[in-house]
Amino acid sequence: MRAAAAAAPPWASLPRGGIAFLFPLALLALWSVSARLGWLPPQILPAPSEVGSALWDLAVTGELASNTGISLLRVVEGFAAGSALGLLLGIAMGLSRTTEDYVKPLFTAFAQVPTLGWIPFLMLLVGIGEPLKVLVIAKAAFVPVALNTFAGIRAVPPIYAEVGALFRFSRWQLLQKVVLPAAVPPIFTGLRYGLTHAWNALVAVELLASAEGLGYLLVWGRQMFWLDTMMGAMIVIGIVGFALDRIMAAAEQRLQRWRLA
Amino acid sequence: MARQGELRVEDVSKRFRVNGSDLLVLDSVDLSVAPGEFLTIVGASGCGKSTLLRLIAGLDTDFRGGIALDGKRVTEPGLERGLVFQEPRLFPWLTVAQNVALGLLNAGLSKAAKRRAVLDHIALIGLSAFQDAYPHQLSGGMAQRVAIARGLVNRPGVLLLDEPFGALDALTRARLQDELQRIWAAERITMLLVTHDVEEAVYLGDRVVVMAPRPGRIAASFDVAQSWPRDRTSASLAGVRSSVMTALEATIAAQVFDTPRAAPRPMAAARDFATADGRV
């Protein structure tokens, strides 16, 4: 903690990770009070304890783990495919103006159609099975990764390339030793956006067309009027998304030790 | 690599295209640097001295005339010609040792030989304790020393230095000048340093060449006979300094009348201006 903590509130002395819990806890308290005092009917806003016990039930029956596992697997598959393609396209457009001229307009138009807008078309194309989910998630990850990679490579200072030329770097050496390392920060911004978008798209596609997964749990809870289950699913979706983002942030920090060291 | 380090610049002219029109930036420059010589070029900004270094380094190959190092024509960058820029241009994601090692990427040495060369050159600049530090942990002077080590690590025949100390404070600059001189004395590498600082040019150079601007050309050349170690305050250095300064001021004087309210100017200077500025 900084030295200037003299006038700070008492909880400011918590570690930074601890401060992050302040708002969720306050919200939970408000929620409990509201449920206790009956501000909203329990059919609409069940008490935290009921959501907790619904989650517990899902956990002990193994449903929670299996649904989360299925969702995670879909997101990993879709994100891997989409971000790999996005990286390749972003690098290709970043390195070559010709490629940019050929591909960028179509790409931009493609990116303008929201991920959800692709679902009806893709359903006709591949049905509503696993390929649909993976394709939708891949598309969601692909766009931000490609865009940020492209912009990141274009932003590499030309003076770095000149140093490479001085030491007779080949194109491959230049890419590997100079361009990609210099573009790591924006590329990672793209990957983090991509993963967040992928997770959002997953839940959306599971809402629309799935018989398993966290999104399905959510829509199923609503249809059955098991609002405790529905809210439990929302909480798990939020927590998993948060965890995925933290994992990316940790990877990013590791790759950029030179900034902090 | 035969590293004699004899540099010849013969009748080199260079034009830039600025907004569709031609601008002559170097006008038949002739220069020859003997093996092991320390030559400094001093000139006002815009006299093309940095452009000349870039041509010699091979970063820009679009010029007329010939440049050769030890008889080999310059057509592209080469490891036998090192260049230190005004700013260190270290890669921030690499440590000091990794930055220096990058210079050896295409040197064709064994891993062990590379490692030894890197450590030797970091020791040469006195930064062995910082070999694992990242550039942002270094002061400006330290970073520029690393850049010098990177420029030297290939054992080039000639080291080109483009205002390497221009961005440093006076004290650091003086210390790095001494350090560069020490390195040159130890390694006997041909050095070609470009600067706008007359004191620096005279203190470091065996020979000082004065360049005139618009178009860039060589105006005068002075030998600095004094042996090392030199005393910055000595009378003979002061004498050379004032001669160089006079020559330099003469090159600038021809340029100074660019304000519209200046007194009527000599015809030659007026014509100079029309070609330089009129087309921009």
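In which handedness of crossing does H4(A) pass H10(A)? The crossing is right-handed, the near helix being turned clockwise from the far one by less than a right angle. This is a predicted model, in which local features need pLDDT of at least 70, side-chain atom pairs count only at pLDDT 80 or more, and totals for chains, interfaces and linings use all residues. Residues are numbered from 1 along each chain as its sequence is written, with chains lettered from A and ligands numbered from 1 in the order in which they are written.

**Helix packing in chain A**
- The axes (lines fitted to C-alpha atoms over the stretch in contact) of helix H4 (residues 63–95) and helix H10 (residues 184–208) of chain A come within 9 Å and cross at roughly 135 degrees.
- Residues in contact (C-beta atoms, placed from the backbone, within 7 Å) include A:Gly78 and A:Gly82 of H4(A) and A:Leu195 and A:Trp199 of H10(A).

**Chain A with chain B**
- In this interface, 14 residues of chain A are in contact with 14 residues of chain B.
- Helices (DSSP runs of H or I, at least four residues) H8 (158–166) and H9 (171–182) of chain A each supply at least two residues of the side that touches chain B.
- H8(A) gives the most to that side of chain A, with six residues.

**Domains of chain B**
- An automatic or database assignment divides chain B into domain 1 (7–80 + 159–276) and domain 2 (90–155).
- Their C-alpha centres lie 27 Å apart, and the contact takes eleven residues from each of the two domains.

Note on methods: Axes are lines fitted to C-alpha atoms, for helices over the stretch in contact, and angles run from 0 to 180 degrees between N-to-C directions.
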